[in-house]
Amino acid sequence: MSGRIELNRKDLAEQEKCMEAVRKILLDRYPNRQPLAFVHSYGCQQNVSDGEKLCGMLAEMGYGFTNQESQADCILFNTCAVRENAEFRIFGNVGNLKRYKRVNPNLIIGLCGCMMQQEHVAKKIRESYPYVDLIFGTHASHLFPFMLKKRLEGQKHVEEIENHNGLIVEDLPVLRDGAFKAWLPVMYGCDNFCTYCIVPYVRGRERSRRPEKILEEVEQLAKKGYKEIMLLGQNVNSYGKGLEEPVDFTELLRRIDDVEGDFRVRFMTSHPKDCTREMIDTIAQSQKLCHHIHLPVQSGSNRILRQMNRCYDTKQYLDLIAYAKEKIPDVTLSSDIIVGFPGETYEDFCRTLDLIRQVEYDFLFTFIYSKRVGTKAAQMEDPVPAQEKSKWFRALLEEQSTIGQKRNEKRIGTVLQVLVDGSGKEGTGRVGGKSGGNITVEFLGDASLIGQLVNVKITQAHNWGVIGEKLE
């Protein structure tokens, strides 16, 4: 498998041996109580999934968990590098940890994830936050037990940010965050190199998990009673690269749809240049695949799309949307939009508004452009002031709010199946969750319904979602 490396049984045995050694060290250090870990994952669903593996390893090594930093013996921040504001927030939170280190000198502080895969960030941590004990990037999370062991044995600072490109690590312990919704990565990395995006530099090139390992995991989740499985990848549509068996994403979806069990399947994120009509047909014909497609367009201006290196134009994109609406009449659509990309003009922005009016998305994820060191866009001229970009951004939100309200009003009188995942808006006595189309639905009910699939008749519409009545 060219460019694709998997850990072998010997590697995994060494890791298990290391985790057992850490467990013994912790038993000696904390003879009268269980040591506690605080783990926080910032950013995308892939980061959340990575965090679940980190928690799995911590549990294997003997840690319990706390949601209070002040009670922790090990604090781990799994960082995100996609936007500047996230980085600022993480730096601020790391700064606050110094006081806990003063109170508890044995506290171990670790930073990992996408930010740490960037040398300039790792350098800043070394120089400005010397009390941080562990630094490791996205390619080294499987080495966490070895790093922790070194620190517990007395090494002051342990770091691993080398780019192990092509590595896939299977069979790591996982401590899942939920009991009925599960994240399941099918591939890692990205080959697209959109000019605004840091992901290919911190996550590496595309590499796909073997289909049999994915199906094995789906079967395990189904047997454990999980009701929703989210397939993850930076670009799931390009699944299959580097595999010996010719399995593309559409074929993978077909195989997953054939797995026995009462569950539904989502996936993200799709790239329009790789989204095929065959994939749309597969969703239309499936039993378990949700009728929701998240297809990030980023801009409605062909000029800006070229500048972004997105490799499609608005006609191609709108043709895909039209095909999806034809083949899946109840399809719901969402997208990502970047406002204020370097060099974007008001005319370019207006083309984006025109596009969202044509598509009529059910909901959007919207962002003001964030400069990322190391990307091509960071070197581009960016003459539009932040105040003007914010004005455009507000106009986009207002337009989508109107569209969302209109779309949801059409759902009044329909029945949606909802996976209840928690309480509704505070003080309403409602519970809520997502429909198969990923629409937020709330209805009167109690906590006993959480984790169940419930049929709800829609009675009210809002721009954020709908309200209904539970059918008996």
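**Note on the cavities, pockets, barrel and loops**

1. Eight nonpolar, seven polar and four charged residues make up the lining of the largest cavity. Classes are nonpolar (Ala, Val, Leu, Ile, Met, Phe, Trp, Tyr, Cys, Pro), charged (Asp, Glu, Lys, Arg) and polar (the others, Gly among them). The model is predicted: local features need pLDDT of at least 70, side-chain atom pairs count only at pLDDT 80 or more, and totals for chains, interfaces and linings use all residues. Residues are numbered from 1 along each chain as its sequence is written, and side-chain values use heavy atoms, leaving out hydrogens and water.

2. The largest cavity holds about 320 Å³ of space. Its lining counts 19 residues, and those nearest the centre are Asp50, Thr138, Ser141, Tyr188 and Arg203. At least two lining residues come from each of α2, β5 (108–113) and β8 (167–168). Helix α2 has the largest share of this lining, with three residues. On a 1 Å grid over the protein atoms alone, a cavity is a set of points where a 1.4 Å probe fits but cannot get out; a pocket is an open set with protein on both sides within 12 Å along at least five of seven lines; lining residues have an atom within 4 Å of a point. Points are joined across faces, edges and corners, and a volume is the space filled by probe spheres set on them.

3. How many cavities of 30 Å³ or more does a search of the whole structure find? There are two. The second largest cavity has about 40 Å³ of space. Cys275, Ile280, Ile293, Leu295, Leu320, Ile321, Ala324 and Leu333 line this second cavity. The lining has eight nonpolar residues and no polar or charged ones. Helix α12 (residues 314–327) gives the most to the lining, three residues. Helices (H or I, at least four residues) and strands (E, at least two) are DSSP runs, numbered from the N terminus.

4. Now the open sites. The largest pocket holds about 1,100 Å³. It is lined by 43 residues; Cys44, Val82, Arg83, Thr269 and Asp336 lie nearest its centre. The lining takes at least two residues from each of α2 (45–60), α3 (84–96), α7 (199–203), β15 (332–339) and β16 (363–368). By class, the lining splits into 22 nonpolar, 15 polar and six charged residues.

5. The second largest pocket has about 670 Å³ of space. Of its 39 lining residues, Gln45, Phe363, Phe365, Lys434 and Asn438 are closest to the centre. Elements that each supply at least two residues include α2, β16 and α14 (386–409). Which element gives the largest share of this lining? It is α14, with six residues. The lining divides into 18 nonpolar, 14 polar and seven charged residues.

6. Thr269, named above for the largest pocket, has another feature to check. The peptide bond from Met268 to Thr269 is cis, with omega near 5 degrees. Thr269 sits in the loop between β13 and α10. Cys311 is not a glycine, yet has a positive phi of about 65 degrees. Cys311 lies in the loop between α11 (302–308) and α12. Most residues other than glycine have a negative phi, and most peptide bonds are trans.

7. Helix α9 (residues 249–257) packs against helix α10 (residues 277–285), with axes that come within 9 Å and cross at roughly 10 degrees. So α9 is roughly parallel to α10 (under 35 degrees; over 145 is roughly antiparallel, 65 to 115 roughly perpendicular, the rest oblique). Phe249, Thr250, Leu253 and Arg254 of α9 make the contact with Glu278, Met279 and Thr282 of α10. Contact means heavy atoms within 4.5 Å. These residues are three nonpolar, two polar and two charged. Axes are lines fitted to C-alpha atoms, for helices over the stretch in contact, and angles run from 0 to 180 degrees between N-to-C directions.

8. Five strands form a closed barrel in the order β17-β18-β19-β21-β20, with mixed pairing. Neighbouring strands of this sheet are turned by 50 degrees against each other on average, direction ignored. Two strands pair if DSSP finds at least two bridges between them.

9. Strand β17 (residues 415–423) and β20 run antiparallel, joined by five bridges. Here Val415 has Lys457 of β20 as its bridge partner. β17 also pairs with strand β18 (residues 430–435), antiparallel and over five bridges. Gly422 has Gly432 of β18 as its partner. The hairpin of β17 and β18 has six residues between the strands, and Gly427 in this hairpin takes a positive phi near 85 degrees.

10. Strand β20 (residues 453–461) is joined to strand β21 (residues 466–470) by five bridges, again antiparallel. Opposite Ala461 stands Val466 in β21.
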